[in-house]
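Trainee: Could you take me through one part of this model closely, namely the nonpolar core and what surrounds it?

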Amino acid sequence: MGFSKEKTFENLERDFNDCPPSINDSAKEPEFENESAASGDEREVLFADMDISSDILHALSDMGIKAPTTIQQRAIPIMMEGRDLISLAPTGTGKTCAFGIPLLEYVHVEENFIQELVLAPTRELAQQIQKELQSLAKYIPNVKIGLVYGGEPIVRQIKRLKSTP
């Protein structure tokens, strides 16, 4: 079967229509780290309005996070429905919480196996994500956030992954 521009375009169009929803908040830079998306006369959305467990709400309070940012307001409800999502937002807008909160809500603490996997392009970002997820999971019993990356002996990392919380 030879290469066909028409067939390729049809495939791309079909594949695009089957893609998960996307959110692009990259054009708006936050004024400060925990910026809320609410402004003017709009009612401020709270984490408590988003069907988030009391364990995570407690952790958010400890972290000093009071109201969801724009990316969190838009992404969390989609992900809490169990839907896939592609999003883009500037540094410091709360993307880790935007995916981390739904990720932790879907963990079944009675199950003892790896349930979620987050991939990061650098060791530093992986460490940052792990720290944030550990903070979010602070009050969820029996949740362990593991970290695996290059440059450290693999045997030690496998041992950590096999250990139970």
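Mentor: The largest nonpolar core has 19 residues, and those with the most contacts inside it are Phe47, Ile56, Leu60, Ile101, Leu104 and Leu136. A nonpolar core here is a set of buried Ala, Val, Leu, Ile, Met, Phe, Trp, Tyr and Cys residues joined through side-chain atoms within 4.5 Å, where buried means under 20% relative accessible area, exposed over 50%, and partly exposed in between (1.4 Å probe, protein chains only). This is a predicted model, in which local features need pLDDT of at least 70 and side-chain atom pairs count only at pLDDT 80 or more, while totals for chains, interfaces and linings use all residues. Residues are numbered from 1 along each chain as its sequence is written, and side-chain values use heavy atoms, with hydrogens and water left out.

Leaving aside neighbours within four places in sequence, Leu136 is in contact (heavy atoms within 4.5 Å) with Ile56, Ala59, Leu60, Met63, Cys97, Gly100, Ile101 and Leu104. Ser135, which lies in helix 5, counts as partly exposed because its relative accessibility is 28%, and, again not counting residues up to four places away in sequence, Ser135 touches Ala59 and Met63. The C-alpha atoms of Ser135 and Leu60 are separated by 8.2 Å, although these residues are 75 residues apart along the chain.

Technical notes
Helix = DSSP H or I, 4+ residues; strand = E, 2+ residues; numbered from the N terminus.
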